[in-house]
Amino acid sequence: MSSIKVNQISKRFGNQQAVDRVSFEVEPGEIFGLLGPNGAGKTTSIRIILDIFKPDSGEVEILGGKMTDEKKNQIGYLPEERGLYQDITLEVCLNYLARLKGLKPAEAAARVEQMMKRFDLYDHRKKKVKELSKGMQQKAQLIITLVHDPQLVIIDEPFSALDPVNTQMVKDLLREERDKGKTIVMCTHQMHQVEELCDRLVLINHGKVMLYGKLSDIRRQYSGQEVIVHPLNELPAQIPGVSRIDRDNSGYILHLADQTTPQAILKNLVEQGIPLERFEVALPTLDEIFIQVVTSRGEVS
Amino acid sequence: MNKFWIVFSHEYLRHVKRKRFILGLISIPLFMAVIMGVSILAAALSEDNRPVGFIDQSGLFKDAQPQPAKRSGLFVTHVKIVPFANETEARNALDDGEIQAFYIIQPDYYATGNVKMIAQDSVDSDIHRDFSEYLLAHLLKNENPTIRTRILEGPELVLRTFDSDQQFNSRNPFGFLIAIFSGVIFMLAVNTSGGYLLQAVVEEKENRTMEVVLTSLSTDQFMAGKIFGNLSVGLTQLLFWLLMAGVAALFALRAFPDLRDVGIGFSFFSLMALTFLPAFVMIAALMTMVGSTATESREAQQIAGLFSLPIAIPFWFIAAIMENPNGPLAIGFSFFPFTAPMTLPLRSMLTNLPAWQVGLSIGILILAAAASIWLASRAFRLGMLRYGKKLTLAEILRPR
């Protein structure tokens, strides 16, 4: 059973098609990246998944069926539009929102206290929320997202407003949750975070799915025209099938001619008897793939 | 616990526990008590309790005995009535300030009832009444006591209408004042609740907490919790003030025994409850609607004024309603949901309301309340996720 199954959802606001026949599945126990540039339709898709909006067409299954009030207690959501009740104390605010997630009063109090200690907020619990810094408020939001031990966590830009120390703490926390079998959907455009954390991803642009699958598969799919070589000695000036050679630190980047595969180059170098320390197919970074996909506007069927 | 109750108690306690609320709650009754105290004190201090004298030129009241006080109450005092042998003596007493006035019972009193009064300042009408009762009591002293009492007290007139058991006591205009007083308290409570509700909804929007909340419980549960939580704040205020008014009324009954005859009963209070409650819900729902459509609290408050203002309109036309409680204006106000809660109880104190008018008025109010809730929940659903963008009425009404 998938944690989330999105099947051909579309949503139009006025004359703008926000989401256009988007489909993807999120498997249990993975960190899934939902990527796309600003205004691509990520937030609308999430809102449809969470039953805040109804789709014009298509359907969504979450935790094995339609959204119900019971299921809401098993979902943690950190929205892009961050918000907390500003005029009450942190402790009251967290307890209230934890109780809305179905925790009993004593349970909520205990969990909130434990989380506040972990996030270094315990000493600030009697302060009004509006008196806290942006980073602290962000941590408070993460507490609300995770306090009820949800099965499914959906987080929109989890690292914005966090310093490197807290960023690392949140990363560790997300991995920890995944290792406990929780499903995490991470919505972001910080590609290096996705590379570091996500197992699979979907990339949406102009409301349409552009890329979808395992991170490693996608990178391989976009690779193939560059090879990184670290020889023990010098490389010959000409290698068949290589259109250009660039120096790169202690090695070389070989730009392959059309129709040439990395395997053919390796075979050629071995046959020439050139001793190699390292031979690597240069996989493009997700950043590069992102820019390439977003600027070329190709659609994945 | 149902999530509705979590929202309800959070909203309720948030306001009720605040110092500002408690101060507001206490300050109004305190203010009224001070005003009442000061005016009673002023009246008591300005009252002239010096005796009045009389000279009997008719010879009818030679051995008149002072009569026992009939009216009683904390603030009711009877001045002494003292006889004088002649006008000069009485004149001297008046000049010396021992008495405030004296009456001269003319020789032809039996035939004409002529009495002259001499005073330096105007004399309270109660003293005239006491004096004439004094004379009457003496003339009737040999009469059968039952007949004597009947003549002295006069008839007790009760007006009764044909088609209902409503009755008007001839002696008391206080019922009308109570209707006005309840109306004012209602208006204050509506404003408090409405204001809190408006703030609570706009705040949700300004704080951008809606998405987290909507993924925790349903919109209906959330909205209902918010509306009833904030409504209860106003109701708490209303009940506390009514309780205080009850205490004040007990005190007033001791002080002014005449009030005991006020013709206010169960039917008046049920009429009040039946008009106030739907009106309360209607205003609350409209405030929620305004809160969800506006983008910031200042803007919302300006629009909200448009709803709370019409409630007070009947007070501007109170003279016209009193003069003609069955006129087209009064009847029109009774059928308009904003003005009905003020008009209907007021009219019930002035006239006999036909049952169909009461039924229609309450029916319209309940319909208006239901329609407002419907509008509010649509506006809430559509408007709450629109940060920094207004929602128009056309958008709320447009079918989806």
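The largest nonpolar core of this predicted model holds 147 residues. Six of its members touch the most others: A:Ile4, A:Phe24, A:Leu97, A:Ile154, A:Leu174 and B:Phe222. Helix 10 of chain B, residues 266–293, gives the most to this core, with 13 residues. In soluble globular proteins, nonpolar side chains tend to be buried together.

Take A:Leu97. Leaving aside neighbours within four places in sequence, A:Leu97 is in contact with A:Leu84, A:Tyr85 and A:Ile144 in chain A. A:Leu97 also contacts B:Val212 and B:Val213 in chain B.

Four strands form an open sheet in the order 11-12-10-13, and their pairing is antiparallel. Strands 11 and 13 of chain A stand at the edges with a single partner strand each, so one side of each has no neighbour in the sheet. From one strand to the next, the twist averages 20°.

| Strand of chain A | Residues |
|---|---|
| Strand 10 | 226–231 |
| Strand 11 | 242–248 |
| Strand 12 | 251–256 |
| Strand 13 | 276–281 |

Strand 11 and strand 12 of chain A run antiparallel and are joined by six bridges. Within this pair, A:Ile245 stands opposite A:Leu254 of strand 12.

A helix covers the sheet strands too. Helix 9 of chain A, residues 262–271, lies across strands 10, 11, 12 and 13 of chain A. Helix 9 runs at about 165° to strand 13 of chain A.

Terms used: Residues numbered from 1 in each chain as written. Chains lettered and ligands numbered in written order. Predicted model: local features only at pLDDT ≥ 70, side-chain atom pairs only at ≥ 80, totals over all residues. Heavy atoms only, no water. Pairing = 2+ DSSP bridges. Helix = DSSP H or I, 4+ residues; strand = E, 2+ residues; numbered from the N terminus. Axes fitted to C-alpha atoms, helices over the stretch in contact; angles between N-to-C directions. Contact = heavy atoms within 4.5 Å. Core = buried A, V, L, I, M, F, W, Y, C linked by side-chain atoms within 4.5 Å. Buried < 20%, exposed > 50% of the residue type's maximum accessible area, 1.4 Å probe, protein only.
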